[in-house]
Amino acid sequence: MEGQNSTVKVYPKPISNLSAARSGDQVLLSFDKPSGAMQVAVLVSADGGTSWVPAATLQPLDYASGTATVTGLSAGTDYLFKLAVVGGSRGGDSNTAAVAALAQVAAVTAAPAAGAVASGTTVALFSPTEGAVIRYTTDGSEPTADSPVYEGPIAIDAAKTIRAIAWKDGMVKSAVASFAYTIAVAGAPATVSPAVQSVTLNVVDDKGAVLSDPLTKLVGSQLALAGQLLSADGKSLGYAPVTIKSGQPIQLPALAAGTYKLVLNVVAPNGEKLAGKIAKLTVDAAGNATISSELIDPYGIVTDALTGKTVDGVKTTLHWSDTALNKSKGRTPGALVELPELPDFAPNQNRDPQTSTDGGKYGWMVYPDGDYYILGEKDGYVAYDSRQDTRTEQHGEDSYVKDGNIHVGQSIVEYSFKIMPKASGSGTHAAYMKGYPDGSFKPAKGVSRAELAAVLTRTMAQKETGEKAIAFKDVSAKHWASAGIRTAAAQGWMKGYAGGLFKPEGQVTRAELAQALTNLYGWDEAGNGASTFADTASHWASEAIAAVRAQGIMQGYEDGTFRPDQAVTRAEAVKVFNQLLKRSPGQTVGVPAVWNDVSDTHWAYADIMEASVNHSYVLYETGLEQWGKSN
């Protein structure tokens, strides 16, 4: 009613956008500012929200706060958080925000363990958590984020207490570990000694199954290895390298439980160390140790870039790359790498240069900590240069291929490459054999005499003969192959039968095809001697059969027969004609099948496509024909 006072009651709207995120072993909360609040507190629950208690924060909270950092949290626990706001427009409990349990970095261990040691003993620290950073003190004080980072063994030349802690991003820092050392009295035994244990090296396959082969089987079974012991994060533990011989146990110092690395270098007969593998060493709580590594396999494979088939006879050379690393070691960029000979490293004994063989194989055992490039050459192929390689590949833990550089740390690199054939020409190929109206090719069907006459006329050069066209009683002017039949007869490629017949629908036998091709190319029938097949000695076409065999155009069967009177199938015929026409179907990848009865798994698929589809092509010096567009 006009002139009457009214009261508007405003209800608080609690905060609804509280979020939580891990930051190391702390949690960062974010939220809208609780304007006008008289009191703001963070509550935390470690039991899924059943009970709530105040959380410890780095800073006090008030009405102007929009963030809070929670501390004092334990590893391995899932937490829920909420805000309790008293007063103001955002009073009440906020929404809840959750953070998942955070793993804790494993405690630092030491070798040797605490106790009385001989003066000058060195102590190695490590964290079983890979990638953790160790910080330590030697005066017994608590280590902090400002304490020195552990980078190598610590000498004990007087009573000393080492305290250490380990950090890793995304994890709760480890508990502080303490190791107290005293110097053993002269003449008295040390209570801690660098005990030695025997460990067997297990050679495994890529699935972890143990093999019976020596680690260096592929490069020389009797070659020795030098092993350098490292912590899980790759830091030196201060131990001298160990020698590893085939079939003999490895002598290692006693180590605390955890995971280690063992860098394995192949030792050449001249004593030089070559890259090998980085093995994994595991010590369990009972002190039992196992070492596992895959075979050292430096072989690369050279393949044809178009066919994918291996290529033998490629001359490969290994060179020093033009990098700061190589220059710092006095290596000449571009120079051939001179490597020690390995007599049992087949097939090239580690020589540089070498030639790919035995299925495109080549390989080198190279020096660790080096940058390399590879050149490859063979007639008929474009020269290969690994500096143009755009791959990025990791090999082992510390070796890689990147930006055209082959970097070898301690792990050998298995570098395979593709070499491109040189193009020698291009053009178009017209189809010379057709399919049927129902969309089939009928590859197993016999070739009729009419079809053979048509194919010969489409594909073969014709000579002026002066002969009149021969008219056959059973070939009318309307027959689909009448023109081809007249040409084949006039050229002398094919002959008719008694009574003026051609028998156009009769199937061509293997003997007839051999005779037609011999007539066409004028191969010397008598010069090839009598046919040596078991079933052709007295056959009317024995000399023609011997001729096509000598030319490599048609062969017999495993049982020593030629089967002269067996019909030639359409699939067999296109294979023969493609060979005669030097039309190598090569790859037809990307060309869809056009016949409903010839899939790309058919044994003659490529030959059938070559014979029955018009297409452009590129011809290479290797004899390969690569298809372009079909039309």
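Q: Hi! Which helix is Thr 459 found in?
A: Thr 459 is in helix H2, residues 449-459; helices (H or I, at least four residues) and strands (E, at least two) are DSSP runs, numbered from the N terminus. This is a predicted model, where local features need pLDDT of at least 70 and side-chain atom pairs count only at pLDDT 80 or more, while totals for chains, interfaces and linings use all residues. Residues are numbered from 1 along each chain as its sequence is written, and side-chain values use heavy atoms, with hydrogens and water left out.

Q: Is Thr 459 buried or exposed?
A: Thr 459 counts as buried, at 18% relative accessibility. Buried means under 20% relative accessible area, exposed over 50%, partly exposed in between (1.4 Å probe, protein chains only).

Q: And which residues is Thr 459 in contact with, leaving aside neighbours within four places in sequence?
A: Those are Tyr 432, Phe 577 and Leu 581, with contact meaning heavy atoms within 4.5 Å.

Q: Switching to rings, how many aromatic pairs does the structure hold?
A: There are 14 aromatic pairs. Rings of Phe, Tyr and Trp (its six-membered ring) pair if their centres lie within 6.5 Å; planes under 30 degrees apart count as stacked, over 60 as edge-to-face and the rest as tilted. One of them is the stacked pair of Tyr 384 and Phe 417, 4.2 Å centre to centre with 15° between the planes.

Q: Where do Tyr 384 and Phe 417 lie?
A: Tyr 384 is in strand E31 (residues 384-385) and Phe 417 in strand E35 (residues 417-419), so this pair ties together parts 33 residues apart in sequence. Tyr 384 is buried at 13%, and Phe 417 is buried at 3%.
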